[in-house]
Amino acid sequence: MELLHADRDDHALRTAALLRRSHPADKELQLAGLLHDIGRMLRPGDGARHAVLAAEAVRPLLGERVARLVRLHAPAAAGSGSDGADPPGEDAEAVASLRRAREAAGACGLDAGVLEDWRALLELVAAGSCRARNAIGPLGSPRGPITGTQ
């Protein structure tokens, strides 16, 4: 939250607000919109790698999907070339929506609210990500009883 407070531009808030309106059930996509540019704050001047830096920063707290969406929001980081094509895979539509919201946020005068409005959602997704990590054993296998033939 401190890092987000340091950004005086409301672009990220507007992007997240647009995604909240267009995809109200996809909380991870909304957070990807909120966090997509934090790599620029983490390492100013490293614009070419900002999406990768942001993804690496959010992965431990918010999980793999949020990190993947953040990483893929920039076409160069997605490996899709400069044509802006959507990456293949299950999140192709979500990435396309994130890119559209990012572009629209730059042009609209939307009142996106305040950053504190997002704290509860950040905490909720972080808690879910923590539970998911704890459900996986140290060797990558699910914890709990082994089922099957004995």
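Here are a few exercises on this chain, each with a worked solution.

This is a predicted model, in which local features need pLDDT of at least 70, side-chain atom pairs count only at pLDDT 80 or more, and totals for chains, interfaces and linings use all residues. Residues are numbered from 1 along each chain as its sequence is written, and side-chain values use heavy atoms, with hydrogens and water left out.

**Exercise 1. The overall picture**

Task: Work out which elements make up the chain and what share of its residues count as buried.

Solution: 
- Start with the elements. Helices (H or I, at least four residues) and strands (E, at least two) are DSSP runs, numbered from the N terminus.
- Next, burial. Buried means under 20% relative accessible area, exposed means over 50%, and partly exposed is in between (1.4 Å probe, protein chains only). Of the 150 residues, 41% count as buried.
- Then the surface, with areas from the Shrake-Rupley method and a 1.4 Å probe; for residues, only the protein chains shown count as cover. The accessible surface of the chain is about 8,600 Å², and carbon and sulfur atoms own 56% of that surface.
- Last, contacts, meaning heavy atoms within 4.5 Å. Among the contacts with a separation of 6 or more, 59% come from residues 24 or more positions apart.

**Exercise 2. H2 against H8**

Task: Describe how helix H2 and helix H8 cross, and say what kinds of residues make the contact.

Solution: 
- Get the geometry. Axes are lines fitted to C-alpha atoms, for helices over the stretch in contact, and angles run from 0 to 180 degrees between N-to-C directions. The axes of H2 (residues 11–22) and H8 (residues 92–107) come within 8 Å and cross at roughly 130 degrees.
- Classify the angle. Under 35 degrees counts as roughly parallel, over 145 as roughly antiparallel, 65 to 115 as roughly perpendicular and the rest as oblique. H2 is therefore oblique to H8.
- A crossing is left-handed if the near helix is turned anticlockwise from the far one by less than a right angle, and right-handed if clockwise. H2 passes H8 in a right-handed crossing.
- List the partners. H2 brings His11, Arg14, Thr15, Leu18 and Leu19, while H8 brings Ser97, Leu98, Ala101, Arg102, Ala104, Ala105 and Gly106.
- Sort them. Ala, Val, Leu, Ile, Met, Phe, Trp, Tyr, Cys and Pro count as nonpolar, Asp, Glu, Lys and Arg as charged, and the others, Gly among them, as polar. The H2–H8 contact splits into 6 nonpolar, 4 polar and 2 charged residues.

**Exercise 3. H6 and its partners**

Task: Find how H6 is oriented against H5 and against H3.

Solution: 
- Take H5 first. The axes of H5 (residues 50–62) and H6 (residues 64–72) come within 7 Å and cross at roughly 170 degrees, which means H5 is roughly antiparallel to H6.
- Check who touches whom. Ala51, Val52, Ala54, Ala55, Val58, Arg59 and Leu62 in H5 meet Glu64, Val66, Ala67, Val70 and Arg71 in H6. That gives 9 nonpolar, no polar and 3 charged residues.
- Now H3. H3 (residues 27–35) packs with H6 at an angle of about 45 degrees, with axes 9 Å apart, so the two are oblique to each other. Their crossing is right-handed.
- The H3 side uses Glu28, Leu29, Ala32 and Leu35, and the H6 side uses Arg65, Val66, Leu69 and Val70. The tally is 6 nonpolar, no polar and 2 charged.

**Exercise 4. An arginine in H2**

Task: Say which residues arginine 20 touches, not counting residues up to four places away in sequence.

Solution: 
- Arginine 20 lies in helix H2 and, at 36% relative accessible area, is partly exposed.
- Arginine 20 touches Gln30, Asp117 and Trp118.
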